[in-house]
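User: I have a two-chain model on screen and would like to go through it with you. Could you take me through the helices and then the strands?
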Amino acid sequence: MTSPSLELDLLLSIDIQLCFEKFNLTIQQDLSLRGITGVFGHSGSGKSTLLRAIAGLEKGVDGTIVLNNANLIDSKTCSFVKAEHRNIGLVFQDSRLFPHLNVLDNLKFAAKRCPNRRLNFNEIIKLTELDSLLQKHVDELSGGQKQRVALARAILAEPKLLLLDEPLSALDRQAKTSLLKLMLNIQNELQLPMLYVSHSLDELQQVCDKLLVLSQGKVIGYDGIHPMIHQLNHAQTYDFIHQQTSLSLPIKTLNNGHGLATLTLNEHDEIYLPALEENSTDETLRCFILASDISISLTEPINSSIVNHLSAKISTISTMKNKVLITAHCAKGNGEQEFFINISAFSQQKLALMTKQRVYLQFKASAVRTYLY
Amino acid sequence: MMTPDLLALFTTLKMAALTTIILLVIGTPLAWYLAKMQSRFKVIIEAIVALPLVLPPTVLGFYLLIAFSPQHLPGQLWQQATGHQLAFSFSAIVIGSVLYSMPFVVQPLQKAFEQLGEPLLEAGAMLGANAMDRFFNIVLPITKASFITAASLGFAHTVGEFGVILMIGGNIPGETRVLSIALFDHVEAFDYAKAHVLAVSLLAGSMVLLASIYLLNSPRRKTIERIGK
């Protein structure tokens, strides 16, 4: 594969306003793009519109968008770089493959228009596993195959930034998993910065390094993936996300012989989860544990079928309606990890839980969720 | 030496071919702008384009005759530019045909462009294709069938024109005497045998042309093409 370009972050600074009849988008945010940056928000939050504005497909944008010191839009000076001159790629939700061309010609369409080709056409086909589909007509492809072609086509145009607009939302779970893995592979091989819009936090949690969160046309947060998700746990809007502990942990064993894998939490604690694929070469695993899947015990539950029990210290207790959100730290040695736990107000009273109290968190192996296995 | 009817056939084909080419050149951008246009003037332009569908050809012919006469500005300008009179010339019947057959070319193209919409054009732009590139490499191949339909309908309709040509072209052999006029002449002279020959050939020619359009656009053919690939 071609040598990765200079390892400098791509700086995207956005200061725009877009007014529609029923909806306003006001974004002021500097993004330092490296790896995969997620854009999360519910329907109508403006995330796709933001992506289209960056791509140059949205007319009537007020303000400025600057990519690495180059103005893409500046409404004051009426400068607007056309979409075809921005060197930005976009994978749409609905693939948008050209129906009059077969798979190979769709890919060639992109490669031919790339002014300074650095990527090897055949290596990209190999990377995206499209060898056997090249002569197929686009109507003959499954949803997952179409998106793989769309992804390969976008890469072959060799953009400096790749935008992905809900690329998985029309796919089944299996196709989603394989496409997410492909995105990670591409990221590893090509170091192409990606901005990935989705309303599915599960997908974003698996692949993103950073997360930008939008709500009702405004930015409500931008941070590393785990801290951002943990901030969203405290969101005042009820059910903004499924409250969860988001983790990246080193894999210790893929299968301990009893159908369980183990992750290293810190020098003393391990987390058990269902066994992972034996051929996996990953060293760390992205996973999450829903706050509703963790329970609290005052004594160590050693006589339980539940395999994970961790000693932790309660740091905060907040009550919302009849639900209580507890944060607790497993703080042994240098690896301190925050966990989020949902219990009922009834249980909280029964156990008389207080901050700084030492408790045991317990959760089943199957409560440790991951999307890619 | 060509017989008068063969000369009329030649004039007809020349007129129809030229009209079709002109219509494709000006009708394509017009159809494109109508398909993309959102202004309220859109309906007015659409109505003007569609007018020949409902207007008696003699009405259009009458106003064109007046406009083309040396007493009026369009006719004067033409005469100054070319040194020839516009009314009763081959150019006059081509201009008349362009106006008269306009809806047959513009409407199928406009519909095709509307159906195509923005999605594939946006995809093209994101791959670095500029507007011209997108038109020739995305729009044109995908709407090819509509272009064939538009060109064939424009051509066939021009061949079958009578009223407008009679008004502005008259009946000058080799210049403005086309098949439909020649047929009318034969009937007026009670030469039914010759009239039959022309009538049957116009009927058969139109039939063959229309059948080929429908065959070309039929779903069955598309399936066969697909399997062939």
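Analyst: Let us begin with a helix pair in chain B. H5(B) passes H8(B) in a right-handed crossing; a crossing is right-handed if the near helix is turned clockwise from the far one by less than a right angle, and left-handed if anticlockwise. Helices here are DSSP runs of H or I with at least four residues, strands are runs of E with at least two, and both are numbered from the N terminus.

User: Which residues make that contact?

Analyst: From H5(B), they include Ser97(B), Phe104(B), Val105(B) and Leu109(B), and from H8(B) they include Phe147(B), Ala150(B), Leu153(B) and His157(B). Residues are in contact if their C-beta atoms, placed from the backbone, lie within 7 Å. By class, the contact of H5(B) with H8(B) has eight nonpolar, seven polar and no charged residues. Nonpolar covers Ala, Val, Leu, Ile, Met, Phe, Trp, Tyr, Cys and Pro, charged covers Asp, Glu, Lys and Arg, and the others, Gly among them, are polar.

User: At what angle do H5 and H8 of chain B pack?

Analyst: Helix H5 (residues 90–116) and helix H8 (residues 144–159) of chain B pack at about 160°, with their axes 9 Å apart. Axes are lines fitted to C-alpha atoms, for helices over the stretch in contact, and angles run from 0 to 180 degrees between N-to-C directions. H5(B) and H8(B) are therefore roughly antiparallel, a label for angles over 145 degrees.

User: Before we continue, is this predicted or experimental, and how is it numbered?

Analyst: This is a predicted model, in which local features need pLDDT of at least 70, side-chain atom pairs count only at pLDDT 80 or more, and totals for chains, interfaces and linings use all residues. Residues are numbered from 1 along each chain as its sequence is written, while chains are lettered from A and ligands numbered from 1 in the order in which they are written.

User: What about H8(B) and H11(B), at what angle do they pack?

Analyst: H8(B) and helix H11 (residues 192–217) of chain B pack at about 170°, their axes being 10 Å apart. That makes H8(B) roughly antiparallel to H11(B). Among the residues in contact are Ile148(B) and Ser152(B) of H8(B), with Leu209(B) and Ile213(B) of H11(B). The residues of this contact divide into seven nonpolar, four polar and no charged.

User: How many residues of chain B are in contact with chain A?

Analyst: Chain B contributes 15 residues, in contact with 18 residues of chain A. Helix H6 (119–126) and helix H7 (131–142) of chain B are the elements that give two or more residues to that side. H6(B) provides the largest share, six residues. The chain B side has 10 nonpolar, two polar and three charged residues.

User: Now chain A. How many helices and strands?

Analyst: Chain A has eight helices and 21 strands.

User: Which strands pair with S1(A)?

Analyst: Strand S1 (residues 10–19) and strand S2 (residues 24–33) of chain A pair in the antiparallel sense over 10 bridges; strands pair if DSSP finds at least two bridges between them. A hairpin of four residues joins S1(A) to S2(A), and Leu18(A) has Leu25(A) as its bridge partner in S2(A). S1(A) also runs antiparallel to strand S4 (residues 62–67) of chain A, joined by six bridges. In that pair, Ile16(A) stands opposite Gly63(A).

Key
Two residues are in contact if their C-beta atoms, placed from the backbone, lie within 7 Å. Angles under 35 degrees count as roughly parallel, over 145 as roughly antiparallel, 65 to 115 as roughly perpendicular and the rest as oblique.
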